[in-house]
Amino acid sequence: MAGRLEGKVALVSGAARGQGRSHAVRLAQEGADIIAFDVCRQLDTVPYPMAVAEDLEQTVKLVEDLDRRIIAREADVRDAAAVQALVDDGVSEFGRLDVVCANAGIAGMAENTWTMTEDQWEEMIAVNLTGVWKTVKAAIPAMIEAGNGGSIVITSSTFGAKGMAGIAHYVTAKHGVVGLMRTLANELAPHFIRVNTVHPTGVNTPMIMNDAMEQVLSNASISVNLQNALPVEMVEPVDISNAIVWLASEEARYVTGVSLPVDAGFLQR
């Protein structure tokens, strides 16, 4: 039985591990070929260990084990030329681009907004907001030219719908991508390209489940499950991936401009 994305090609940013790896694998399970990238090095203001080249290699193996094709490259989402070169190479190799999963992001905290350093603010905005814009900017022309419609799914957060002390830069970026999504949904509707955001709560990934972040969250008295309304300790990456697969599939062919929460109870508080 053919998968829901058979014959499609998907671009996934931040694909080396965590949610990004899960998205790449789930999209491949549904039949998509994958164009993937990740920075694969430590960024200066990030308090936890980031993905390395071997993580991205593992994502490649997992996709290839599903008999799907993948082009993967180390690239910084802030580097527009590098992202564009990867998209161009992927479209040249696979012949099309149907799905964009703008997932790459970082996390971090400060005591409060006014004592946050300029480096903390600027790096967060550059990765989590401007990097999303650079990703979609690189991908959209190829999607329009192909004339097949398509789906763009941007990873926001529960903090893309409400505030939280100590993470003003993260909250600002995650709110910002919602505005970007809503604008793109209007601009791309004539091309039948749908644009949506997903808003996870706490997800069981290396970005959250590490000693550095657990210490930061503990000091800030924030529960590691980020207050899921349902009685679950953490949301799993595949839960987010399943939502993205649905948004990318024909089952959601009339869904655009939507912010899709994962554990909606938290957003409603």
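Modeller: Happy to! The largest contributor to the lining of the largest cavity is α1, with 3 residues. Helices are DSSP runs of H or I with at least four residues, strands are E runs of at least two, and both are numbered from the N terminus. This is a predicted model, where local features need pLDDT of at least 70 and side-chain atom pairs count only at pLDDT 80 or more, while totals for chains, interfaces and linings use all residues. Residues are numbered from 1 along each chain as its sequence is written, and side-chain values use heavy atoms, with hydrogens and water left out.

Biologist: Which other elements supply at least two residues of that lining?

Modeller: Besides α1 (18–29), they are β2 (33–38), α4, α5 (168–188) and α6 (211–219).

Biologist: And how much space lies in the largest cavity?

Modeller: About 700 Å³. Of its 43 lining residues, Y48, G105, I106, A107 and M207 are the closest to the centre.

Biologist: Changing topic: where is N103 found?

Modeller: N103 sits in the loop between β4 (99–102) and α4 (118–146).

Biologist: Buried or exposed?

Modeller: N103 is buried, at 11% relative accessible area; buried means under 20%, exposed over 50% and partly exposed in between, with a 1.4 Å probe and protein chains only.

Biologist: Which residues is N103 in contact with, leaving aside neighbours within four places in sequence?

Modeller: S13, G14, Q19, G20, H23 and T155, where contact means heavy atoms within 4.5 Å. The N103 side chain also reaches the backbone oxygen of G14 at 3.2 Å.

Definitions and conventions:
A polar contact is a pair of N or O atoms within 3.5 Å; within protein, one must be able to donate a hydrogen and the other to accept it, and residues adjacent in sequence count only if both atoms are side-chain atoms. On a 1 Å grid over the protein atoms alone, a cavity is a set of points where a 1.4 Å probe fits but cannot get out, and a pocket is an open set with protein on both sides within 12 Å along at least five of seven lines; lining residues have an atom within 4 Å of a point. Grid points are joined across faces, edges and corners, and a volume is the space filled by probe spheres set on the points.
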